[in-house]
Amino acid sequence: MEQAVADLFGVNIPKSITVKCWDSSDNPFVPHAEDYKFRLDLLRDYLAWWKIGENEGLYLTGPTGSGKTSLVLQAAARMNVPVYRATGHARLELADLVGHYVVNDSGGMVFEYGPLSRAVRDGGIFLFDEIDAADPSVLVGLNSILDGSPLQIPEKGGEIIPVHQQFRFVATGNTNGGGDESGEYAGTQKLNMAFLDRFWMLTVSYPDKQTEVDLLESLGIVPQIGEKFVEVANLIRQQFLSDEYETRINITMSTRTLVRWVKLALFFKKRSDSVYYALERALLMRASARDREAVQELVQRVFGN
């Protein structure tokens, strides 16, 4: 059924613009809708792919914690679209996506379909997170699916699963598939060009300042203080992403880490050092001594003593 994008996603556009949604269902793979603010530029490109992308996949690339996966999940939640997820890693095999035999309760063997097989068979989104961490030779085996060909499962007697008309393939990665030039995303791979050619590309950067200030205000932080938290986050990101700084920071402040920091600061607000105490627990405990010192200097510059 068609629904107005403005009402569905809470964005300020003409109500004549609609998107086709799935009928409401009890499918357990439909994500839970959370309080989420959609960025209009990203939503516009995402829905353009949804409407006219046909058999082509969508590859969302951007720094860690920028909102790649949450965009897909929250859009799917509002459209009642099930999402079947997998995460890339060096030892991932095609069988992890397609399925394999497992021992059942009675001691027999039964075939358990993987997330890709379920999405191809039943329709919905196959969401492959951190796809650039998977072995490129494994990913090449997915080319035929992205061309609209049926999925064949040799391990199950050559079973052939026709591609559901509402099957969609979405991938996320910290790189654009061309390899990691920054050295910050260990284990990422340079992906096959023929594979990448089957995807639309969408770059997901960190939200703009006002978007994050509004998000923090919804947590109970007054805008004037929220701006300080966001300023620190952006200073950390600049030093993480840029080569112009003499001392590069090797950690970054994602939006989810920013939210965690603020929640902790509110929880420990009776402490005189709540901002610093919360930051330790939200981010700095996983940082090197050098990075901890650099971040603390940024916080002191913005918040003072």
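Good morning. The model is predicted, so local features need pLDDT of at least 70 and side-chain atom pairs count only at pLDDT 80 or more, while totals for chains, interfaces and linings use all residues. Residues are numbered from 1 along each chain as its sequence is written, and side-chain values use heavy atoms, with hydrogens and water left out.

I begin with the cores. A nonpolar core is a set of buried Ala, Val, Leu, Ile, Met, Phe, Trp, Tyr and Cys residues joined through side-chain atoms within 4.5 Å. Buried means under 20% relative accessible area, exposed means over 50%, and partly exposed lies in between, with a 1.4 Å probe and protein chains only. The largest nonpolar core has 31 residues, and those touching the most other members are F9, V19, Y46, M79 and I125. Two or more residues come from each of helix 1 (5–9), helix 2 (40–52), strand 3 (57–61), helix 3 (68–79) and strand 7 (124–129). Helices (H or I, at least four residues) and strands (E, at least two) are DSSP runs, numbered from the N terminus.

Which residues does F9 contact, leaving aside its neighbours within four places in sequence? They are V19, F38, L43, L47, A75, R78 and M79, where contact means heavy atoms within 4.5 Å. A second, separate core of 30 residues includes Y84, A86, F128 and I145.

I turn now to the rings. A pair of aromatic rings is described by the distance of the centres and the angle of the planes. Rings of Phe, Tyr and Trp (its six-membered ring) pair if their centres lie within 6.5 Å; planes under 30 degrees apart count as stacked, over 60 as edge-to-face, and the rest as tilted. The structure holds 17 aromatic pairs. One of them joins Y46 and W49, with centres 5.6 Å apart and planes at 55°, so this pair is tilted. Both residues lie in helix 2, three residues apart, about one turn of the helix. Y46 is buried at a relative accessible area of 1%, and W49 is buried at 0%. W49 also pairs with W50, edge-to-face, at 6.0 Å centre to centre and 65° between the planes. Ring pairs also link Y59, F126, F128, F169, F195 and F199 into a cluster.

Finally, I come to charges over rings. A charge sits over a ring if NZ of Lys or CZ of Arg is within 6 Å of the ring centre and within 35 degrees of the ring normal. R121 lies over the face of Y113, 4.9 Å from the ring centre, and the charged end of R271 sits over the ring of Y277, 3.8 Å from its centre. Thank you.
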